[in-house]
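Colleague: I would like to learn how to read the packing in a model. Please take me through it.

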Amino acid sequence: MTPNQNHIPLSVWGMLLLLSVIWGGSYLFVGIAVKDLSPLVIVWARVALAASALLPVHLLLLGPLPKQREAWTAIIGLSVLNNVIPFTLIVTGQTMIASGLASVINATSPLFGVAVIAAAGIDPLIPRKVLGILIGIVGVAVLKGASLFAENSQSLGILLCLGAAASYGVGSLWARMKLKDTPPLSMATGQLLCSSAIMTVLAFSFDNPAQLLAASRESWAALLGLSLLSTSFAYILFFRVVARSGPANVLLVTMIIPVSAIALGYMVLGETLDRMEILGTLIIMLALVVIDGRAIRWLRPGDKPA
């Protein structure tokens, strides 16, 4: 039975809110872990622990992983675009900017996804989507204004998180083109396994994973939360939402994640956003609403929300 993407059951709303808190919590976990650990080590630990947890789930529910060479070639590409590059850029960015601000910047990933998919000729870039992208650009500009490209660490942090969002956008195109027939859980498990192998090489070649031995209990708790909750469990919950109500409704999570991340950063890390950052956040949320389109349809005469 095909999910109804215009009607969201109450149980799915609960899963969407839980998923937003879990993914929003990933920025909090990173904000704690970066006090003791370097970005490459954090990302390596995240994907390795998450893969270790998700592989038994895959074997139990779906059996062995796919064996086709074409599938693994596509999964390797997805692991680079969806894990290795964005995770590393976001964690590095969070050494320079607040976790809440990083989550706001990462919320622009659907805007990049729409632009990339349109450029590939898969979906047309209709006026509403163009408007959403333009509003998103304004939102990012408002976050830091003329100082976005200034030579300071905060501006660099914003640019790194923008790079992560762009990588997610390209990753959405890659998955759509290369992994149409691969089960979602296989994509998630496979990309985490490949990411673990890649990050093992990077972490041991360019960093010192032995720093994990000296990490505090708080950092280890953050790593476990980041890996088991915000990665492994989040993937399972994500695919449950997609199965129940369709992939379009997952965009709602993107809109809620910054709220969760900002709230957690404020309560636990004592972070705050200034007026321009709050305004930029609201503008980016508006861009996502425009891209999604449902709120606009609901406002039209004769259209009622499901």
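Modeller: Start with contact, which means heavy atoms within 4.5 Å. Take I284: setting aside neighbours within four places in sequence, I284 is in contact with V104, A107, T108, G136, G139, V140 and L143. This is a predicted model, where local features need pLDDT of at least 70, side-chain atom pairs count only at pLDDT 80 or more, and totals for chains, interfaces and linings use all residues. Residues are numbered from 1 along each chain as its sequence is written, and side-chain values use heavy atoms, with hydrogens and water left out.

Colleague: How many residues has the largest nonpolar core?

Modeller: A nonpolar core is a set of buried Ala, Val, Leu, Ile, Met, Phe, Trp, Tyr and Cys residues joined through side-chain atoms within 4.5 Å. Buried means under 20% relative accessible area, exposed over 50%, partly exposed in between (1.4 Å probe, protein chains only). Here the largest has 74 residues. L37, I42, L192, M199 and I284 have the most contacts inside it. A second, separate core has 7 residues, including A74 and L78.

Colleague: Is A48 buried or partly exposed?

Modeller: A48 is partly exposed, at 23% relative accessible area. Its C-alpha atom is 7.2 Å from that of L193, 145 residues apart along the chain. A48 lies in helix α2 (residues 39–61). Helices are DSSP runs (H or I, at least four residues), numbered from the N terminus.

Technical notes: Helices (H or I, at least four residues) and strands (E, at least two) are DSSP runs, numbered from the N terminus.
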